[in-house]
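Subject: Structure handover

Hi,

Here is the structure I promised to pass on. My notes follow below it.

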Amino acid sequence: MLVVSCRQPPAPAEATSSYKHTIDSLIIKGRRSQNKHIDSLLVISAQLSNIAARGDKSALVYSELFKSQYYWLSSDHEKSMELVLKCLADAEKWDVKEIYPDIYITMGNLHKESANYKMAFEASDKGLNWAQANKDTSAIIAVLALKAMFTHSFWLYNHDKTQTDSSINLQFAALKIAESGQKYERMRTRFYDNIAQYYLDHKDYKQAIFYGDKGVAMALKYNQQRSLTYSYCWLGQAWYFSGDKQKGLDYLNKSLILSKNLKEPYRVMEIYGHMYDCYYSAADYKAAIDMQAKSEHVKDSIRGSINVKQISELQIKYESAKKDQAISLLGHNDTVKNRLIIAVLGCSMLFIAFSVILFLQYRVISRNNHIITQSNEKKHKALQNIAHIQAHELRKPLASIMGLVNVIKISEYEFDKELITKLEESAKELDEKIHAVLYQVDKETH
């Protein structure tokens, strides 16, 4: 039996191809889950990861993509960028070209959320190039919609209304492609929503309501819950600003409730901001302040996940790396740890060097103080010696001279040779003592 089993032919190379239908089905579900409940993305990502464990690399990269999109929609943008860059590295490594437009769409959205429009447009251009190279009409439609949305958002972000908002041309051009075939019908929703937003921002509320209604109808038909949050939002503002405030608030509240149910805090924050605009325009400042406070509260809760510089640096680091090397999340974490270790070691060396310098300075100062103390002690001793000499030794010859002078005075300045000799001896002794004092002062001070 062992011999027979050993002679069995190896499993066919096409074994993993048996999962192709399942993978394709999961990819379709993953793309549609972005417009429904985002928790489904994690489930689909896990299912693809299980298939990838059996050797299918396309399942691996799509698993990483959907997981990245989950974190994007959950407002953890840094985590999302890390995952989508890993997805890009694996797609390059395993030559999974059809996923590139989806990868760059995700990157573009991440940069747009951070208001980094330069990198957002770069990502959309790369995505469009890959969509055209793959001859993927659906991807071309999706990237054109993204680029049109970036163009309009950039026009709003810069507040420069003297420049023409060219996004509407891109929107209608892409919508025309989406309307060319029934299989692209579900993709039309995003264009109806974006066109409605365009007319809303240009204060053409009638057109905004027209396209907003079309967006709602299409989103309901295909159960596109996330798209509905935008359709309701643009309709709500259009009705409010055109005079029907209650109808407008009803739509905005429907958008808000739906966004909360979808667990999308970034959308919740944006809708509170739109409600603030409505109340402020009607001079209802109390309600406006309340909406602003709610928007800021949500913003504070997700602020830790949004870091413009880190998100941009992640992609810049990837773009500058060699394309034949896969970037892994563990590698990124190790790099951060190594930099931290180097920084700690560098700081420690600086601290040690600074401590040594301080110690040496202390030694020099201490030595100088010791020398000064010794010098002061010597000077003090010299002064004591001088005082002793003045008090005792100088007094003797000086007293002798003074006594001899008194004798001369008593003798009415008549004196003999012996008296002169004694006076001379006393003067010499005084001179010797004075020289002794000078010598002692010179000796002590040196």
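To start: is E185 buried or exposed? E185 is buried, at a relative accessible area of 8%. Keep in mind that this is a predicted model.

E185 has a salt-bridge partner. K221 pairs with it, with the closest N and O atoms 3.0 Å apart. K221 sits in helix 11 (residues 205–221), and E185 in the loop between helix 9 and helix 10, so the pair ties together parts 36 residues apart in sequence.

The structure holds 12 salt bridges. Another one joins K263 and D39 (3.2 Å, N to O). K263 is in the loop between helix 13 and helix 14, D39 in helix 3, so this pair ties together parts 224 residues apart in sequence. K263 is partly exposed at 48%. D39 is partly exposed too, at 26%. The C-alpha atoms of K263 and H37 are separated by 8.0 Å.

Next, helix 5. K86 and D90 form a salt bridge there (3.3 Å, N to O). They are 4 residues apart in helix 5, about one helical turn. K86 is partly exposed at 23%, while D90 is buried at 7%. E64 joins K86 and D90 in a network of salt bridges.

On packing: the axes of helix 4 and helix 6 come within 11 Å and cross at roughly 20 degrees. That makes helix 4 roughly parallel to helix 6. The crossing is left-handed.

Last, the surface. A nonpolar patch of about 780 Å² includes M349, F351 and I352. I352 lies in helix 17 (residues 329–393) and is partly exposed at 47%.

Best wishes

Methods. Residues numbered from 1 in each chain as written. Predicted model: local features only at pLDDT ≥ 70, side-chain atom pairs only at ≥ 80, totals over all residues. Heavy atoms only, no water. Patch = residues over 30% accessible without salt bridge, like charges linked within 9 Å, V, L, I, M, F, W, Y side chains within 5 Å. Areas by Shrake-Rupley, 256 points an atom, 1.4 Å probe, with all protein chains shown as cover. Salt bridge = Lys/Arg side-chain N within 4 Å of Asp/Glu carboxyl O. Helix = DSSP H or I, 4+ residues; strand = E, 2+ residues; numbered from the N terminus. Buried < 20%, exposed > 50% of the residue type's maximum accessible area, 1.4 Å probe, protein only. Axes fitted to C-alpha atoms, helices over the stretch in contact; angles between N-to-C directions. Parallel < 35°, antiparallel > 145°, perpendicular 65-115°, else oblique. Left-handed = near helix turned anticlockwise from the far one by under 90°.
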